[in-house]
Amino acid sequence: MSTSSATGATGATGAVGATAAAWATDVTEANEPWPRTAAEALAVQDRLRPSVDTVGPGPGPTQVRLVAGLDVAYAEDSDELAAAVVVLDARTHAVVERSVVHGVATFPYVPGLFAFREVPALWAALEQLDTAPDLLVCDGQGLAHPRRFGLACHLGVLTGLPTVGVGKTPFVGVYESLGDKRGDAADLVHEGGVVGRALRTRDAIKPVFVSIGHGLDLDTACAHVLALTPRYRLPETTRQADQACRRALKAHRESAPTADRATPRP
């Protein structure tokens with residue numbers, strides 16, 4: 001198992017960065033400045049949304065060898081963050097590689113545009129990987145988003161990798177009551193369309209909310225989430241990435257001089 005870490009929103013191009021660089025340049029016009037306003041971010045979402053593959057069906061759990069979880073932790077008093085990508089063996093769930101990037105969110109907090117705070121650091125963490133995952137699992141939404149382009153869709157389009165969004169709570173939509181057994185599910189419906197699924201991963205425990213990010217259909221996305229939750233409500237990918245970014249942020253803040261920390265929020 002290997003671990004890499006960097007400060008800032010750029011990193012050495014590793015396995016994911018090398019294979020995805022041409023795709024990212026093509027669909028995002030990567031030389032453009034990163035959006036700074038809501039209007040600019042909305043324009044990017046509108047431009048990239050048609051590239052999302054919701055048909056798939058994508059690789060099933062038995063076809064995936066390596067799966068990566070992605071998560072971001074924020075400091076309580078500023079926009080300082082740590083972004084983590086943790087690659088697991090899809091069969092054993094053993095950690096194969098961790099990549100963590102420290103940085104500062106430069107985009108303001110705007111509901112529905114949260115990806116623009118997190119994508120730069122997550123992309124940098126992905127670029128540092130020496131191991132190329134077959135599947136990305138994001139702690140957030142994909143199609144279950146007001147404009148059908150949440151974080152999981154954004155990262156899926158940028159990387160070209162099959163991507164799943166798994167939220168702890170729904171962002172949009174309603175769902176009917178579902179059974180109490182692991183595997184029971186109900187469609188998440190928003191504005192007359194199915195945007196995801198409430199999926200129970202543990203008996204009698206509240207469900208998670210699965211949505212397509214890119215390159216998979218919804219049934220396949222849910223199959224992956226069940227394969228990644230043999231013991232806990234949340235996917236092991238999410239658990240490992242959450243732990244990695246929280247630990248890294250805590251260690252970074254404890255070791256950094258106060259003057260080097262991000263400016264506190266007003």
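This is a short chat about a predicted model.

User: What are the ground rules for pLDDT and numbering here?
Analyst: The model is predicted: local features need pLDDT of at least 70, side-chain atom pairs count only at pLDDT 80 or more, and totals for chains, interfaces and linings use all residues. Residues are numbered from 1 along each chain as its sequence is written, and side-chain values use heavy atoms, with hydrogens and water left out.

User: Which residues have the most contacts inside the largest nonpolar core?
Analyst: Val-67, Leu-135, Val-164, Val-208, Val-210 and Val-225, in a core of 42 residues. A nonpolar core is a set of buried Ala, Val, Leu, Ile, Met, Phe, Trp, Tyr and Cys residues joined through side-chain atoms within 4.5 Å. Buried means under 20% relative accessible area, exposed over 50%, partly exposed in between (1.4 Å probe, protein chains only).

User: Which helix gives the most to this core?
Analyst: H6, with five residues. Helices are DSSP runs (H or I, at least four residues), strands likewise (E, at least two), numbered from the N terminus.

User: What about another core, apart from it?
Analyst: That one has 26 residues, including Trp-123 and Leu-155.

User: Switching to the backbone. Which peptide bond is cis?
Analyst: The one from Gly-56 to Pro-57, with omega near 5°. Pro-57 sits in the loop between helix H2 (38-48) and S2.

User: What is the phi of Ala-204?
Analyst: Positive, about 60°, although Ala-204 is not a glycine. Most residues other than glycine have a negative phi.

User: Is Ala-204 buried or exposed?
Analyst: Exposed, at 58% relative accessibility. Its place is the loop between strand S8 (193-199) and strand S9 (208-214).
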